[in-house]
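The stops below go from one selection to the next.

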Amino acid sequence: SRDNNILGSAEIEYVQTAQRQKFGNTTISVLPISKQGADYYVGLELRDFIAPYLHKGQSKLLTLPTLRTPNHIRDFDEMARWTKRRLKDYFGMDTNTPSKLGGKYFTSPGCTPEVIQPTICAVDQNNPGNDSIAWINLKDLLNHATEISCLQLRTAIYRASHMFGLI
């Protein structure tokens, strides 16, 4: 205000991954892609999260495979190789090495130092992964993007659709 009176205040917390877990501040989100004919299919997970439950009464959220990277990873090439191994370990997917799907971004600027590095990778159609992955047509996701609650997924849909000339 003009007379220097405090109009309001709030304590905020700074959220960071516990160092004992040996994870860094970078989370890699992966958009697994499989091309079938002229169509692109995206591999997604249906996961349980507490925040959607608290706000909407439903804990299920359609989302990308997302991995918090360990502290020892220092560059994108190392992160991509590590991610390819984790996709095989966790989801049974055979993929190429992930590539960047645009620049990284903060999940909650000012609240956490965590950044998301979006990536995309082609999946071997002969080994598309285990039952925890659902394959959905990218055009269908694009047509319903505004209904998708997960903003990481929505961002990846728009970026991939632009990359493949769908928008």
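Start by selecting Asp 39, which is partly exposed at 25% relative accessibility; here buried means under 20% relative accessible area, exposed over 50%, and partly exposed in between, with a 1.4 Å probe and protein chains only. Before going on, note that this is a predicted model, in which local features need pLDDT of at least 70, side-chain atom pairs count only at pLDDT 80 or more, and totals for chains, interfaces and linings use all residues. Residues are numbered from 1 along each chain as its sequence is written, and side-chain values use heavy atoms, with hydrogens and water left out.

**Salt bridges**

Asp 39 and Lys 139 form a salt bridge, with the closest N and O atoms 3.7 Å apart; the term means a side-chain nitrogen of Lys or Arg within 4 Å of a carboxyl oxygen of Asp or Glu. This pair links distant parts of the chain, 100 residues apart: Asp 39 is in strand S2 (residues 39-48) and Lys 139 in helix H3 (residues 138-143). Helices (H or I, at least four residues) and strands (E, at least two) are DSSP runs, numbered from the N terminus. Lys 139 is partly exposed, at 39% relative accessible area.

How many salt bridges does a search of the whole structure find? The search gives four.

Next, select Arg 68 and Glu 114, whose side chains meet in a salt bridge of 3.6 Å, N to O. Arg 68 belongs to strand S4 (residues 66-70) and Glu 114 to the loop between S7 and S8, so the pair ties together parts 46 residues apart in sequence.

Move to helix H2 (residues 76-91), where Arg 86 and Asp 89 lie three residues apart, about one turn of the helix. Their side chains meet in a salt bridge of 2.7 Å, N to O. Arg 86 counts as buried, at 17% relative accessibility.

Thr 27 lies in strand S1 and is buried, with a relative accessible area of 3%. Leaving aside neighbours within four places in sequence, Thr 27 is in contact (heavy atoms within 4.5 Å) with residues including Arg 68, Glu 114 and Val 115.

Now pick Ser 29, also placed in strand S1. Ser 29 counts as buried, at 1% relative accessibility. Beyond four places in sequence, its contacts include Leu 64, Pro 118 and Gln 152.

**Strand S8 and its partners**

Select strands S1 (residues 23-36) and S8 (residues 115-128), which pair in the parallel sense over eight bridges. Two strands pair if DSSP finds at least two bridges between them. Ile 33 has Ala 122 as its bridge partner in S8.

Then show the antiparallel partners of S8 in turn:

- Strand S5 (residues 93-95) pairs with S8 over two bridges, and Met 93 has Pro 128 as its partner.
- Strand S6 (residues 99-100) is joined to S8 by two bridges; Ser 99 stands opposite Ile 120.
- Strand S7 (residues 105-106) pairs with S8 over two bridges, with Phe 106 opposite Val 115.
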